[in-house]
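Work through the exercises below with the sequence and the coordinates at hand. Each task is followed by its solution.

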Amino acid sequence: MATLGAVFLAMSVLCVIALITLVASIGQPDDEFPGSTHVLIIIRSLGIGFFAVMAVVTFGVGNWLV
């Protein structure tokens, strides 16, 4: 159980790293797709919501299992 808890805590750390990366890049346009600025904002916003929820959930489950 402790090993599985450590895996969930590691996933929580990865979710926080992804969340920080998405928040840092929210206003930057993509060079390869110049006309897709609004689509990227929507996708990054959804990613921020997803990774924020997953960071909390995986931390809670990992903390409970450890």
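**Exercise 1.** How many aromatic pairs does the count come to by the ring-centre rule?

Solution. The model is predicted, so local features need pLDDT of at least 70 and side-chain atom pairs count only at pLDDT 80 or more, while totals for chains, interfaces and linings use all residues. Residues are numbered from 1 along each chain as its sequence is written, and side-chain values use heavy atoms, with hydrogens and water left out.

Step 1: apply the rule that rings of Phe, Tyr and Trp (its six-membered ring) pair if their centres lie within 6.5 Å, with planes under 30 degrees apart stacked, over 60 edge-to-face and the rest tilted. The count comes to one aromatic pair.

Step 2: F50 and F51 form this pair, with 5.2 Å between centres and 70 degrees between planes, an edge-to-face arrangement.

Step 3: assign accessibility (buried under 20% relative accessible area, exposed over 50%, partly exposed in between; 1.4 Å probe, protein chains only). F50 is partly exposed at 48%, and F51 is partly exposed at 25%.

**Exercise 2.** Describe helix 2 and locate G49.

Solution. Step 1: take helices as DSSP runs of H or I of at least four residues, and strands as runs of E of at least two, numbered from the N terminus. Helix 2 covers residues 37–65, 29 residues in total.

Step 2: its first and last C-alpha are 41 Å apart, close to the 42 Å expected (1.5 Å times one less than the number of residues).

Step 3: the buried residues of helix 2 include L40, R44 and G47.

Step 4: G49 lies in helix 2 and is partly exposed, with a relative accessible area of 35%.
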